[in-house]
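Please open the model in a viewer and keep a selection panel at hand.

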Amino acid sequence: DDFPQSRIAVTVCLVGRDRACDDGARPSDCLEYAIHYSLYAVKMAMFVSLRCVSANFSSVLPLFSRTIRAPSVRLSWKACTPRTLSTASQLSAALKFTDKHEWVRVEGGVGTVGISNFAQEALGDVVYCGLPEVGTKLEQMEEFGALESVKAASELYSPLTGEVTEINQELADNPGLVNKSCYENGWLIKMTIDNPAEVDALMDEAAYEKFIKSIDSE
Amino acid sequence: MTALKAAVSVVNLGRIPYGRALEVQQRFVRQHLDSLFQFPNILLLCEHEPVYTIGIRQAMYSAEEENRLKNLGAEFYRTNRGGLITFHGPGQLVCYPILNLGCFKKSVRWYVCELERTVINLCHRFGIKASTSPDTGVWVGDNKICAIGINCRMYVTSHGLALNCNTDMRWFENIVPCGIHGKGVTSLSQELQREVPVTEAVPPLLEAFAEQFNCRLSFEDLHINKENPVTEK
């Protein structure tokens, strides 16, 4: 059938609330995670829910016809336990980098994207940020906007595949935040993460430092 | 380590419609990207018929404004370069370097600065004292003699600079050039009080460019047909 995978994952968890999950997690844990689960973190849900229960879920589907917008708790595919969850959250808060000098910070299944200090220095004072609309779907490496500085428009490339959920409105009046606070207040967009493996393949901070050293010595 | 000089091929497109020049540029940019940066660096030289162009800050110029300018007899283009509104027309030397900054320095700020220095170098050769200011471009006092606006996509540059040689400066009166109020525009002819055509400015511009970017210029024929799409060399 052609149910979106995310719907299947969420409803199976809900139906399973009267039964114990295979791995010993309490049904209430499953339910809580199901409710908070973001519809876009498909792979995580699939693993969790399949272990929870097997059920006839078609009658439960209408409950999830609305998009769940609550910030999600990132689920570990291994088990529905809070302990695994918090470890995953800590790991995902670190910055990952692309070779186009963009960074991604993953928190709760949402990726925040910005440009690195190396990039903002190479650009000069940013005077304008051309960003996509919320809801825009992006493929990894796809152009999603441009930053203007010193009469130069430089294209931005999506570090991941996903959908834009938020853009930094502060940049409209204060584009210089990209220079002054490139890792914090100068963030550009937030997006969903359709393919978590893409995050894993990006450079961590140490690898990125090495990368920019190699550029400087060219 | 002695750096080898980067090679740049100069292509003189002559008088060419702005839209066609855009297509030529985009094709060269595409070839850089598709060939994984093995494509030669190119410096396009040309002159346009009257045209007003704007950059990525498109919301600042309404359809009404566009029509007003078109009614004056000029074309109007919305582009992907940085910078605000400017004018191109006969008597103005337009230069579009399509460079892979990987051959030079991977910094847009550096590149724009070098373009400014190239033009200051050229003005010096004419005995004109030009300078930069907090507003990008090349100035003689409070008057801009050369506008700059570029695009950079994966370190491949397009658009470039526009130097007023013997441009009819009245076209600039219809706009606030580059969105900068209270400043004016000038040309080589105005500064030297004599007619300085585009052809006179080309050789010193090329010399200044080669000097500033520390590159070797060559003049290859890339078979650019102004009417039809660019063919492979």
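Leaving aside neighbours within four places in sequence, with which residues is Asn179(A) in contact? Under that condition, Asn179(A) is in contact with Gln120(A), Gly124(A), Asp125(A) and Val126(A), where contact means heavy atoms within 4.5 Å.

**Conventions and confidence**

This is a predicted model, in which local features need pLDDT of at least 70 and side-chain atom pairs count only at pLDDT 80 or more, while totals for chains, interfaces and linings use all residues. Residues are numbered from 1 along each chain as its sequence is written, chains are lettered from A and ligands numbered from 1 in the order in which they are written, and side-chain values use heavy atoms, with hydrogens and water left out.

The model scores ipTM 0.89 and pTM 0.76. Colour chain B by pLDDT, the predictor's confidence in each residue, from 0 to 100. The average for chain B is 91, and 93% of the residues score at least 70. Residues 227–233 of chain B have a pLDDT below 50, and this stretch has 15 contacts in the model beyond near neighbours in sequence. Where pLDDT is low, the predicted coordinates should not be read in detail.

Return to Asn179(A), which lies in helix H7 (residues 177–180) of chain A. Helices (H or I, at least four residues) and strands (E, at least two) are DSSP runs, numbered from the N terminus. Asn179(A) is buried, with a relative accessible area of 14%; buried means under 20% relative accessible area, exposed over 50%, and partly exposed in between (1.4 Å probe, protein chains only). Display its side chain: a polar atom lies 3.0 Å from the backbone oxygen of Gly124(A), and the side chain also reaches the backbone nitrogen of Val126(A) at 2.8 Å.

Next select strand S8 (residues 162–167) of chain A, which runs antiparallel to strand S5 (residues 137–138) of chain A and is joined to it by 2 bridges. Two strands pair if DSSP finds at least two bridges between them. Gly162(A) in S8(A) is the bridge partner of Leu138(A). S8(A) is also joined by 3 bridges to strand S9 (residues 189–192) of chain A, again antiparallel. There, Val164(A) has Met191(A) in S9(A) as its bridge partner.

Select Ser9(B), found in strand S1 (residues 6–15) of chain B. Ser9(B) is buried, with a relative accessible area of 5%. Beyond neighbours within four places in sequence, its contacts include Pro40(B), Ile42(B) and Ser218(B).

Proceed to helix H1 (residues 18–34) of chain B, which has 17 residues and reaches 24 Å from its first C-alpha to its last, close to the 24 Å expected at 1.5 Å a residue. The expected span of a helix is 1.5 Å times one less than its number of residues. Because 12 of the 17 residues of H1(B) are buried, the helix is largely enclosed by the rest of the structure. Among them are Tyr18(B), Arg20(B) and Phe28(B). Just after H1(B), Leu36(B) takes a positive phi of about 55 degrees.

Helix H3 (residues 108–125) of chain B has 18 residues, which should span 26 Å at 1.5 Å a residue; its end C-alpha atoms are 26 Å apart, which agrees. Ser107(B) caps the N-terminal end of H3(B), with a side-chain oxygen 3.4 Å from the backbone nitrogen of Arg109(B). After H3(B) comes Gly127(B), with a positive phi near 80 degrees.

Is Asn164(B) buried or exposed? Asn164(B), in strand S9 (residues 156–164) of chain B, is buried, with a relative accessible area of 3%. Residues that Asn164(B) touches, not counting those up to four places away in sequence, include Lys144(B), Phe172(B) and Ser187(B).

Finally, select Cys178(B), which the UniProt annotation "active site" (unreviewed entry) covers. Cys178(B) is placed in the loop between S9 and strand S10 (184–185) of chain B. At 8% relative accessibility, Cys178(B) counts as buried. Not counting residues up to four places away in sequence, Cys178(B) touches Lys151(A), Leu84(B), Ile85(B) and Lys144(B).

How values were computed: UniProt positions are given in the numbering used here, feature names are shortened, and annotations may be inferred rather than shown by experiment. A polar contact is a pair of N or O atoms within 3.5 Å; within protein, one must be able to donate a hydrogen and the other to accept it, and residues adjacent in sequence count only if both atoms are side-chain atoms.
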